Amino acid sequence: MLECFKRLKPFSKIKSLEPILVKSVLKSEISENVFSQFPEKDLYYYLFENYFYNRETITKIQRGYIQFVPKNSENSFLDVGCGRGEFLELLRDNNVKAKGIEINSLEYKLLKDKNFDVELADAVTFLKNTNEKFSGISAIEVVEHLTFDYLYEFIHLAFSHIESGGVILLETLNCRNIKNLKNFYTDLSHVKPITMEALQFLCEKAGFKNMRVCWSLPNKHGYVNYALIGEKI
């Protein structure tokens, strides 16, 4: 019996951790001496994205969404929660008239400095106060940050502001990938994971038709992300 206990792992273990915040700061597009100009939580999330979300990987995934974007509309395509602007850049590169909205004042400032058409606003407030119609609306890695009531209102408002023949595009984490669930709350602003079927049902309830799913970033547990694309007929 004593030998069995000797082979057990110790009850506690201490390990030194390498600092990770400094790595995020090194990737920053702005200098540290202007950090204090922005709200603390906006700066926090900007630095968090710098470390945890790889820009090149994101751009590679989002490049696959351009095929779903209407190309011949006179109306803008709206990117909700445009963040660092990866999708806005792809839309611009593909000659798609686009507009972004973002609640992070730091990321909004960076996009304005790059001459993107962006507004500092949340989705529901913006859509309630505009008469614009859009060729489509995207919300990429956004819905998992929303409460049910807010998400429900957003999807229904999006339907009312998308022109006939336009699309909605919603990307989120695939919660049936077990590794995603293990890491989901690394992002402390996440509210809850959303299954594809639940999001599809909500989109169909709002009126969207011809739903399709686009999976991305495969690993041994499945795909990391899924994007739902629906049409307004």
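## Stop one: a pocket

Select Ile-20, Leu-21, Ser-24, Glu-40, Leu-43, Tyr-44, Leu-47, Phe-48, Tyr-51 and Phe-52: they line the second largest pocket. This is a predicted model, where local features need pLDDT of at least 70 and side-chain atom pairs count only at pLDDT 80 or more, while totals for chains, interfaces and linings use all residues. Residues are numbered from 1 along each chain as its sequence is written, and side-chain values use heavy atoms, with hydrogens and water left out.

A pocket here is an open set of points on a 1 Å grid over the protein atoms alone, with protein on both sides within 12 Å along at least five of seven lines; lining residues have an atom within 4 Å of a point. The second largest pocket holds about 150 Å³ of space. That volume is the space filled by probe spheres set on the points, and grid points are joined across faces, edges and corners.

Which helix gives the most to the lining of this pocket? Helix 3 does, with seven residues. Helix 2 (21–26) and helix 3 (40–52) each supply at least two lining residues. Helices are DSSP runs (H or I, at least four residues), numbered from the N terminus. By class, the lining has eight nonpolar, one polar and one charged residues. Ala, Val, Leu, Ile, Met, Phe, Trp, Tyr, Cys and Pro count as nonpolar, Asp, Glu, Lys and Arg as charged, and the others, Gly among them, as polar.

## Stop two: helix 3 and helix 6

Axes are lines fitted to C-alpha atoms, for helices over the stretch in contact, and angles run from 0 to 180 degrees between N-to-C directions. Now show Asp-42, Leu-43, Tyr-46 and Glu-49 of helix 3 with Ser-105, Leu-106, Glu-107 and Leu-110 of helix 6, which make the contact. Contact means heavy atoms within 4.5 Å. The contact of helix 3 with helix 6 divides into four nonpolar, one polar and three charged residues.

## Stop three: helix 8 and helix 10

Select helix 8 (residues 148–161) and helix 10 (residues 196–206), which pack at about 45 degrees with axes 9 Å apart. Show Leu-151, Tyr-152, Ile-155, His-156 and Phe-159 in helix 8, which meet Leu-199, Leu-202, Cys-203, Lys-205 and Ala-206 in helix 10. This contact has eight nonpolar, one polar and one charged residues.

Definitions and conventions. On a 1 Å grid over the protein atoms alone, a cavity is a set of points where a 1.4 Å probe fits but cannot get out, and a pocket is an open set with protein on both sides within 12 Å along at least five of seven lines; lining residues have an atom within 4 Å of a point.
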